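User: Please examine the model shown below and answer some questions on helix packing.

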Amino acid sequence: MNSSVQKIENVQTMVLVSFMLAVSRVDGQHEAEIQLIRAFYEENSEGGMPALDDVGQHVGLSDMTAVALKEPGFAEEVVRMCVMTGLADGKLSETEWEHIRHVALYVGVTGGRLEAIRQEVKDVFMASLAHLPVIESAAEIAKAI
């Protein structure tokens with residue numbers, strides 16, 4: 001992979017993690033949210049990238065966001081990962097959803113597309129619960145998200 005492509009991917013990873021961390025802080029960080037973010041970052045980070053705890057303070061992050069958003073589909077990925085982070089603890093709170101709506105507006109994902117992404121993530125989340133032995137458990141979780 002050439003270095004310019006790798007650099008863009010590194011920038012995208014840091015931007016995604018920065019947005020994900022912001023969502024996790026909205027209503028108090030939950031362990032499940034941090035585990036999701038850490039796993040994502042470890043899976044996608046390359047040598048020379050800052051430690052996870054330093055990503056949010058990385059100099060030039062707003063410039064990095066502007067660069068990353070030029071990539072097709074990246075704005076939707078930001079929203080998708082924010083929703084996923086909010087759901088990591090089993091419930092997307094109204095405060096988290098309000099924050100995600102602001103993020104979506106900032107990155108240019110609006111209206112029906114925002115709701116479609118929320119539903120896509122919810123569907124994936126529910127599919128991961130399909131193995132539960134008691135259907136009522138899955139139904140209760142579905143109501144919560």
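Analyst: A residue counts as buried when its relative accessible area is under 20%, and as exposed when it is over 50%. The model is predicted.

User: Is Thr-85 buried or exposed?

Analyst: Thr-85 belongs to helix α4, which spans residues 74–87. Its relative accessible area is 0%. Because the cut-off for burial is under 20%, Thr-85 is buried.

User: Which class of orientation does α2 have to α4?

Analyst: The axes of helix α2 (residues 31–44) and α4 are 8 Å apart, at an angle of about 140 degrees. Roughly antiparallel requires an angle over 145 degrees, and roughly perpendicular covers 65 to 115. The angle therefore makes α2, relative to α4, oblique.

User: Which residues of α4 make the contact with α2?

Analyst: On the α2 side, the contact is made by Glu-33, Leu-36, Ile-37 and Phe-40. By class, the residues of this contact are 5 nonpolar, 2 polar and 1 charged. The α4 side consists of Met-81, Met-84, Thr-85 and Gly-86.

User: What is the orientation of α4 to α5?

Analyst: Helix α5 covers residues 94–107, and its axis lies 9 Å from that of α4, at an angle of about 170 degrees. Angles over 145 degrees count as roughly antiparallel. The orientation of α4 to α5 is therefore roughly antiparallel.

Terms used
Residues are numbered from 1 along each chain as its sequence is written. This is a predicted model: local features need pLDDT of at least 70, side-chain atom pairs count only at pLDDT 80 or more; totals for chains, interfaces and linings use all residues. Side-chain values use heavy atoms; hydrogens and water are left out. Helices (H or I, at least four residues) and strands (E, at least two) are DSSP runs, numbered from the N terminus. Buried means under 20% relative accessible area, exposed over 50%, partly exposed in between (1.4 Å probe, protein chains only). Axes are lines fitted to C-alpha atoms, for helices over the stretch in contact, and angles run from 0 to 180 degrees between N-to-C directions. Angles under 35 degrees count as roughly parallel, over 145 as roughly antiparallel, 65 to 115 as roughly perpendicular and the rest as oblique. Contact means heavy atoms within 4.5 Å. Ala, Val, Leu, Ile, Met, Phe, Trp, Tyr, Cys and Pro count as nonpolar, Asp, Glu, Lys and Arg as charged, and the others, Gly among them, as polar.
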